[in-house]
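The sequence and structure are shown first, and the discussion follows.

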Amino acid sequence: MTLTGVFASEWLKLRSVRSTYWTLGVAAVLMPLIGFLVAHGTAPAEKAAGDFDPTDAMQGAAFAQLAFGVLGVLTISSEYSTGLIRTTFASVPGRGTVLAVKAAVLFVLLLIVGEIISTTTFLVAQAAYPPGLGISLADDGALGAALGSGFYMAFIGMFGFGVGAIVRHTPGAITVMMAVVFVIMSILPQLFPASVRDEIGRYSFLGLAHGLSTITPIPEVPADGTSVALCFFYAALVLVPAFLLTLRRDA
């Protein structure tokens, strides 16, 4: 099978399973809905108090990221569960090629859908804010915050893909992914002593999400460029072992 055929095959697999539509559909409904509710419930007095950021309505990404992560896991783990991965490896010379193509097709899909969902959420939320609170995509930093939120969700999906390729068992991989994303990288840093909490939080997934999706600089979170670099670094921490294990283990 040619490389073009491998891409076409993986794209067909991804768009022909219901889990793709369910997971992305949940994210597409949940994130704008949360954005609307947060914006609609914001009081004008919050701006006067100085603790208002119009991109606070993007916090729905904290929930939508779960759908992206689950899809990342399912993209690879479901093939191991059904045994289809053996057929795939038999028809394509080079397991690394198969995994690389799967990752590339998934990332493109997640990035496109993530950007559409995050931009839609931004527009819905800004329209729902009380008069004088909303901003537009043309305002300084607004477009970057909207696109950054979509990129972050795509990163979580790829992190889930790497975990799925390592664990190869759907329930176990989803459990590990959720434990890392929601506990180790989000809740656990908040339990450290105040003297080190902010520094540790800067490099947590929660810190990355804030750094990519806010327009107000926060000392405790990394800048956009640093957040993007850290996303690639954390993705590599699971994707590189996933590739190595795929090459060495039996299907």
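## Isoleucine 34

In this predicted model, isoleucine 34 touches Gly60 and Phe63, when residues up to four places away in sequence are not counted. Isoleucine 34 lies in helix H2, and its relative accessible area of 17% is under the 20% cut-off, so isoleucine 34 counts as buried. The C-alpha atom of isoleucine 34 is separated by 7.3 Å from that of alanine 57, a residue 23 residues apart from it along the chain.

## Helix H1 and its buried face

Helix H1 covers residues 3-15 and has 13 residues, reaching 19 Å from its first C-alpha to its last, which is close to the 18 Å expected at 1.5 Å a residue. The buried residues of H1 are Val6, Glu10, Lys13 and Leu14. Seen down the axis of H1, these buried residues fall within an arc of 95°, and therefore they line one face of the helix. Their cover includes helix H2 (18-40), H4, helix H5 (84-91) and helix H6 (95-128).

## The crossing of H4 and H7

Helix H4 (residues 61-82) and helix H7 (residues 142-167) have axes that come within 7 Å and cross at roughly 35°, and the crossing in which H4 passes H7 is right-handed. On the H4 side, the residues that meet H7 include Ala64, Phe68, Gly72 and Ile76, while those of H7 that meet H4 include Tyr152, Ile156, Gly160 and Phe161. The residues of this contact divide into 11 nonpolar, nine polar and no charged.

Technical notes: Residues are numbered from 1 along each chain as its sequence is written. This is a predicted model: local features need pLDDT of at least 70, side-chain atom pairs count only at pLDDT 80 or more; totals for chains, interfaces and linings use all residues. Side-chain values use heavy atoms; hydrogens and water are left out. Axes are lines fitted to C-alpha atoms, for helices over the stretch in contact, and angles run from 0 to 180 degrees between N-to-C directions. Helices (H or I, at least four residues) and strands (E, at least two) are DSSP runs, numbered from the N terminus. A crossing is left-handed if the near helix is turned anticlockwise from the far one by less than a right angle, and right-handed if clockwise. Contact means heavy atoms within 4.5 Å. Ala, Val, Leu, Ile, Met, Phe, Trp, Tyr, Cys and Pro count as nonpolar, Asp, Glu, Lys and Arg as charged, and the others, Gly among them, as polar. The expected span of a helix is 1.5 Å times one less than its number of residues. Buried means under 20% relative accessible area, exposed over 50%, partly exposed in between (1.4 Å probe, protein chains only). The arc is that of the directions from the helix axis to the C-beta atoms.
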